[in-house]
Amino acid sequence: MIALATSSAAGAARAEDADPRAGAPAGGRFGGRGQVALDNVVGVTTEGGHLGPNMVAGAPQDTSWGATGYTGALGYTFSDTHGGDVGGYSVESHTGWVSPSVDVFVIDRVSIGGTIGLSYTSQEAHLPDAGGAATSIDRDSFTLSVVPRVGYAVALSEPFTLWPRVGFGYSGTRADPIGSAGESSIMNAWIGVVDVGLVYRASEHIYLHMAPELVMRLSSIEGSRGGILTGSASLDLGFTGGIGVLLGSRRDAPPPPALRIGS
């Protein structure tokens, strides 16, 4: 009886070692300790998301900054808007950005990370006056956005994982007129973000991530000569999705040696 019990215990131990999915997430599953997720290397964000196509966190939603469009770690956008009337206004803008988004699983399932966005925009506007002549206004702007966050990965049926995250951050933008004595403007925004992401592990190092986002913004725009020009508070629902890269998977490591009992 004692020998049978010992043999059964040894067999259970070997089975547990052979099936790393028992208990904590295995290194091969999304969310294993030591994994690094490079999120939204290429992606798309809808209006209401905390990062618009120009990677301007907390931008007022009555501007094109929050419209649906491409987002990613590196990007460029161009827009050319014209008024409907002959001789109407026209606005041309160019934006480039760098915005890495990284999460590190410090223990199984628990991630700590964030998004940093740095963007530059140049804009040229032609506005007609009452006499039919056009006035040109050139502006450039710089934006720095930092949104740290924490998350928790919940394993679903392979290869799906639920990955809710909560973040809170800040964005600052300074817009300056070019070649004129016009007033500069400064935008400050605080952003709170809750997203519930669904991860699909397409391969060992590639995953798809889709998530609705609930975003709270508290922003103000003030002139360089003092005084707040406008302020706003909003609660928006957006959507983000993209392709990510997963590094440090323990699937890369050799399997542990088999447990041997006795001779």
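**View 1. Asp39 in strand E1.** Asp39 is found in strand E1, which spans residues 36-45. Helices (H or I, at least four residues) and strands (E, at least two) are DSSP runs, numbered from the N terminus. The model is predicted: local features need pLDDT of at least 70, side-chain atom pairs count only at pLDDT 80 or more, and totals for chains, interfaces and linings use all residues. Residues are numbered from 1 along each chain as its sequence is written, and side-chain values use heavy atoms, with hydrogens and water left out. With a relative accessible area of 4%, Asp39 is buried (buried means under 20% relative accessible area, exposed over 50%, partly exposed in between, with a 1.4 Å probe and protein chains only). The side chains of Asp39 and His209 are joined by a polar contact of 3.1 Å. A polar contact is a pair of N or O atoms within 3.5 Å; within protein, one must be able to donate a hydrogen and the other to accept it, and residues adjacent in sequence count only if both atoms are side-chain atoms. Not counting residues up to four places away in sequence, Asp39 touches Ser101, Asp103, Arg149, Trp163, Arg165, Tyr207, His209 and Ile243 (contact means heavy atoms within 4.5 Å).

**View 2. Asn40, also found in strand E1.** Asn40 has a positive phi of about 50 degrees although it is not a glycine. Its relative accessibility is 14%, so Asn40 counts as buried.

**View 3. The aromatic cluster of Phe30, Phe105, Trp163 and Tyr207.** The structure holds eight aromatic pairs. Rings of Phe, Tyr and Trp (its six-membered ring) pair if their centres lie within 6.5 Å; planes under 30 degrees apart count as stacked, over 60 as edge-to-face and the rest as tilted. In the pair of Phe30 and Trp163, the ring centres are 5.1 Å apart and the planes stand at 70 degrees, so the pair is edge-to-face. This pair links distant parts of the chain, 133 residues apart: Phe30 is in the loop between helix H1 (2-18) and E1, and Trp163 is in strand E9 (residues 160-177). Both Phe30 and Trp163 are buried. Phe30 and Tyr207 also form an edge-to-face aromatic pair, with 5.2 Å centre to centre and 65 degrees between the planes. Because Phe30 lies in the loop between H1 and E1 and Tyr207 in strand E11 (residues 206-223), this pair ties together parts that are 177 residues apart in sequence. Tyr207 is buried, as is Phe30. The charged end of Arg165 sits over the ring of Trp163, 4.5 Å from its centre; for this, NZ of Lys or CZ of Arg must be within 6 Å of the ring centre and within 35 degrees of the ring normal.

**View 4. Strand E5 (residues 101-107) and its pairing with E1.** E1 and E5 pair in the antiparallel sense over three bridges. Two strands pair if DSSP finds at least two bridges between them. Ala37 has Asp103 in E5 as its bridge partner.

**View 5. The hairpin of E5 and E6.** The two strands run antiparallel and are joined by six bridges. Ile107 stands opposite Val110 in E6. Two residues lie between the strands of the hairpin. Arg109 lies in the loop between E5 and E6 and has a positive phi of about 80 degrees although it is not a glycine. At 25% relative accessibility, Arg109 counts as partly exposed.

**View 6. Thr115 in strand E6 (residues 110-128).** Thr115 counts as buried, at 5% relative accessibility. Its side chain makes a polar contact of 3.0 Å with the side chain of Ser101. The C-alpha atoms of Thr115 and Gly169 are separated by 9.2 Å, and these residues are 54 apart along the chain.

**View 7. Ser185 in strand E10 (residues 185-201).** Ser185 has 17% relative accessibility and counts as buried. The side chains of Ser185 and Arg139 are joined by a polar contact of 3.3 Å.

**View 8. The cis peptide bond from Glu158 to Pro159.** Omega of this bond is near 10 degrees. Pro159 is placed in the loop between strand E8 (154-155) and E9.
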